[in-house]
Structures are given as structure tokens and as C-alpha cells.
Amino acid sequence: MKTIKIVNTASQLPEKIVSNDDLSKIMDTSDEWISSRTGIKNRHIAVEETTASLAAGVIKKLLLQSQVDPAEIGFIIVATMSPDSTAPAAAAKAEQLAGLNGIAAFDLNAACSGFAFAFTTASGLVNSLDCKYGIVIGSETLSKLVDWQDRRTAVLFGDGAGGVLVQAVDEDERLLASDLKTLAGDADYLTAGFLPRQGWGQKKLGSPYFQMDGHAVYSFATRQVSRSISDAFAKAKLKITDADWFLLHQANQRIIDKVADLLGVSQKFFLSSLKDYGNTSAASIPTLLDLSVKKGLVKRGQLIVFSGFGAGLSVGTVIYRY
Ligand code: COA
């Protein structure tokens with residue numbers, strides 16, 4: 001069985017930056033409320049960009065940096081809960097925009113756990129497709145799922161894309177464990193993106209915009225992420241203190257700090273990009289990884305932990321030797 005090695009990382013953010021002060025001009029909120037409760041100061045918001053164009057930007061950067069021949073790439077997975085259309089998939093459109101053709105491209109929706117689910121899927125796919133390389137991206141334009149009148153959710157989200165080029169390798173010490181769960185009984189605590197239904201007298205199923213029970217999601221995230229990380233370390237037969245860095249889904253700094261406390265790990269090992277990006281769902285872990293690699297924080301040989309959580313309610317942890 002082959003496993004996957006991350007060859008390189010890339011990210012693509014929309015040009016427009018919206019600050020907390022900008023938001024306080026259009027809704028009853030303040031920089032003080034948002035930053036003290038979430039750690040967020042700014043977020044990128046797509047104007048011209050789309051989920052597919054951001055993902056295509058990531059693909060182009062990955063290929064340019066690595067000089068890999070596109071003919072050797074077996075698949076492109078775009079983890080997203082905000083594709084531009086149901087069909088074609090964001091991955092198919094991104095492949096087209098990146099000037100590629102003939103690569104298996106599909107979307108995977110596990111909401112904010114999407115990158116952990118897609119990365120784990122990629123490790124199986126390199127075996128079943130017997131290919132040399134694959135691309136795993138998280139790309140989101142959540143701004144279109146936001147009700148800009150609703151201060152309880154609008155201040156939390158941002159747009160962006162990040163991804164990795166992976167290579168199939170015969171190494172035991174790469175993807176050390178994955179723990180993926182969907183607690184579907186709690187699915188209704190966080191929803192978005194119901195499509196309109198018409199004709200045949202069909203009933204509306206839900207809102208197109210984010211609907212969230214913030215307290216329930218906070219309590220789910222802190223309990224289940226710490227449990228998922230512990231379960232993944234048990235599977236890998238490693239100690240939590242073996243980890244060099246934790247890259248959690250960037251939803252709220254308070255959630256990250258609480259998970260660190262529950263695990264008994266110093267908060268300084270938990271990387272963060274919340275201040276500048278907000279919650280970008282499936283894009284948050286790969287953009288944070290790219291940022292942290294480029295800053296020289298995440299280095300070859302280190303043990304890193306990805307842990308996503310969100311709608312579903314889903315939670316997914318990957319322990320990986322970078
Ligand atoms: N600006 C100003 N006031 C706001 C506000 C905003 N953007 N949003 C809510 N408020 C108000 C509320 O109306 C409430 O006012 P009231 O006391 O007069 O009723 C008050 O602030 C407190 O609201 P509350 O919901 O109790 O705040 P909180 O401390 O629980 O923080 C969240 C709210 C959303 C930040 C927090 O619950 C959270 O982080 N939950 C997890 C959400 C998440 O991460 N979701 C994505 C997971 S992928």
C-alpha cells in the first residue's frame with residue numbers, strides 16, 4: 001500500500017479585504033465584539049473570484065512550483081461546501097480554468113472538515129488509481145452563503161483556497177492515522193445553502209444562508225475535536241506530546257485555545273490564521289499549512305495534526321509526518 005507525501009503547498013485569496021470596522025458600518029457590531037469573541041480582525045471576500053477560480057489559482061501555483069508534468073496527476077479533489085454550481089463540480093471547472101484536461105476531478109463536501117476527509121480520501125485514491133500524483137484543495141466562497149443582515153454569523157466567515165500536491169510513496173511514516181466522524185444526529189445545529197425547490201408544489205427545505213446554534217456548535221467543537229485528536233493518536237500509537245504543530249480548522253480562537261487546554265498541550269503549538277482570514281471552512285487548514293510552511297514554522301520531518309470540524313456535524317483528524 002502506498003501512502004501520500006505532500007510535495008508542496010499553495011494558497012489563493014481574493015483581493016478584497018473586509019475588516020471588522022468595515023462590517024460595523026453595515027451592521028450593528030464592533031471590532032471589539034468580533035475580535036474578543038473570535039480572534040478575527042479581517043477576512044478576504046470574493047468579488048470577481050469564484051470557488052473554482054480560487055482553486056484553479058492553487059492548481060497553477062502547485063504545478064509551477066513543483067514542475068510536475070500534469071500527465072502524471074491522477075486526480076483533483078476540491079473539498080468545498082460552496083461550489084459555484086452543483087454541476088459542473090468546482091473541481092471540474094477549476095481543472096478547465098487551470099488549462100488542464102482529462103484528470104479525474106470531483107468535489108467532496110464534508111463542510112469545514114473537508115480537508116481532513118479529502119486528504120484521507122487521496123491516500124486511498126493513489127492506490128486504487130495507481131497514479132503518481134494527486135491534488136487536494138479546500139476552496140470556498142462562503143460570502144454567498146452569508147446573510148449580510150445577520151450579525152451572529154456574517155462576522156465569522158471569509159473566502160479563500162489552499163491546497164497540496166501529493167505524491168504516492170512507499171513510506172510507512174507519512175499519513176500515520178486518520179479519524180473521521182459524522183455526528184449526524186446534530187446535523188441541524190449548522191446548515192447553509194438549501195437550493196430553491198419549485199414545481200410540483202415542493203416544500204422549501206431550509207434557508208440558503210448560514211443558520212447556526214453558536215453555543216451548541218461551540219460545545220460540539222471543543223468536545224469532539226479533542227476526542228478525535230486523542231482517538232487519532234491512539235490509532236497511530238503515538239503520544240499527543242509527539243506532535244510539533246496542531247493545525248485546527250480556523251473557526252474561532254476560543255475553540256482552538258479550549259481544545260489545547262482539554263488536551264493538556266500548550267496553546268503555542270496551535271497555529272492560527274484567524275486574525276487575517278476568518279473561517280474559510282474547508283480552505284482554512286490548507287491555507288494555514290501553506291502560510292506556516294512559507295513562514296518556516298512547519299518543517300520537513302515534523303509531526304503535524306490537521307483537525308477539522310463543522311456542519312454534518314463532522315469532525316476529522318489526520319496525523320501526518322511532513
Ligand atoms: N456583534 C455584536 N453583538 C453580537 C454579534 C455581533 N456580531 N453577534 C451576536 N451578538 C450579541 C447577541 O445578540 C447577544 O446579545 P444579547 O445578550 O443582547 O442577546 C450577545 O452578543 C451574546 O451572544 P452569544 O451568542 O451568547 O455570544 P457568544 O459569546 O456565544 O459568541 C459565537 C457567539 C458565535 C462567537 C460563539 O457561540 C461561537 O464561536 N460558536 C461557534 C461558532 C462556530 O465556530 N461555527 C462554525 C463552526 S465550523
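Colleague: How do helix H3 and helix H4 cross, and how far apart are their axes?

Modeller: In this predicted model, the axes of helix H3 (residues 51-66) and helix H4 (residues 90-97) come within 8 Å, and they cross at roughly 55°. That angle makes H3 oblique to H4, and the crossing of the two helices is right-handed.

Colleague: Which residues in H3 and H4 meet?

Modeller: From H3 there are Thr51, Ala52, Ser53, Ala55, Ala56, Ile59 and Lys60, and these meet Ala90, Lys93, Ala94, Glu95 and Leu97 in H4. Sorted by class, this contact has seven nonpolar, two polar and three charged residues.

Colleague: Changing topic, how is the chain divided into domains?

Modeller: It is divided into domain 1, covering 3-169, and domain 2, covering 175-321, and the C-alpha centres of domain 1 and domain 2 lie 15 Å apart.

Colleague: And how many residues of each domain are in contact, and what area is buried between them?

Modeller: Domain 1 has 54 residues in contact with 46 residues of domain 2, and about 3800 Å² is buried between the two domains, with carbon and sulfur atoms giving 64% of that area.

Colleague: What about H7 and H8, at what angle do they pack?

Modeller: Helix H7 (residues 214-236) packs against helix H8 (residues 253-263) at an angle of about 45°, their axes being 9 Å apart, and the two are therefore oblique to each other. The crossing of H7 with H8 is right-handed. Residues making the contact include Tyr218, Val225 and Ile229 of H7 along with Ile255, Val259 and Leu262 of H8, and by class the contact has eight nonpolar, three polar and two charged residues.

Key:
Residues are numbered from 1 along each chain as its sequence is written. This is a predicted model: local features need pLDDT of at least 70, side-chain atom pairs count only at pLDDT 80 or more; totals for chains, interfaces and linings use all residues. Side-chain values use heavy atoms; hydrogens and water are left out. Axes are lines fitted to C-alpha atoms, for helices over the stretch in contact, and angles run from 0 to 180 degrees between N-to-C directions. Helices (H or I, at least four residues) and strands (E, at least two) are DSSP runs, numbered from the N terminus. Angles under 35 degrees count as roughly parallel, over 145 as roughly antiparallel, 65 to 115 as roughly perpendicular and the rest as oblique. A crossing is left-handed if the near helix is turned anticlockwise from the far one by less than a right angle, and right-handed if clockwise. Contact means heavy atoms within 4.5 Å. Ala, Val, Leu, Ile, Met, Phe, Trp, Tyr, Cys and Pro count as nonpolar, Asp, Glu, Lys and Arg as charged, and the others, Gly among them, as polar. Domain bounds come from an automatic or database domain assignment. Buried area is the accessible area (1.4 Å probe) that two parts lose on being put together, summed over both.
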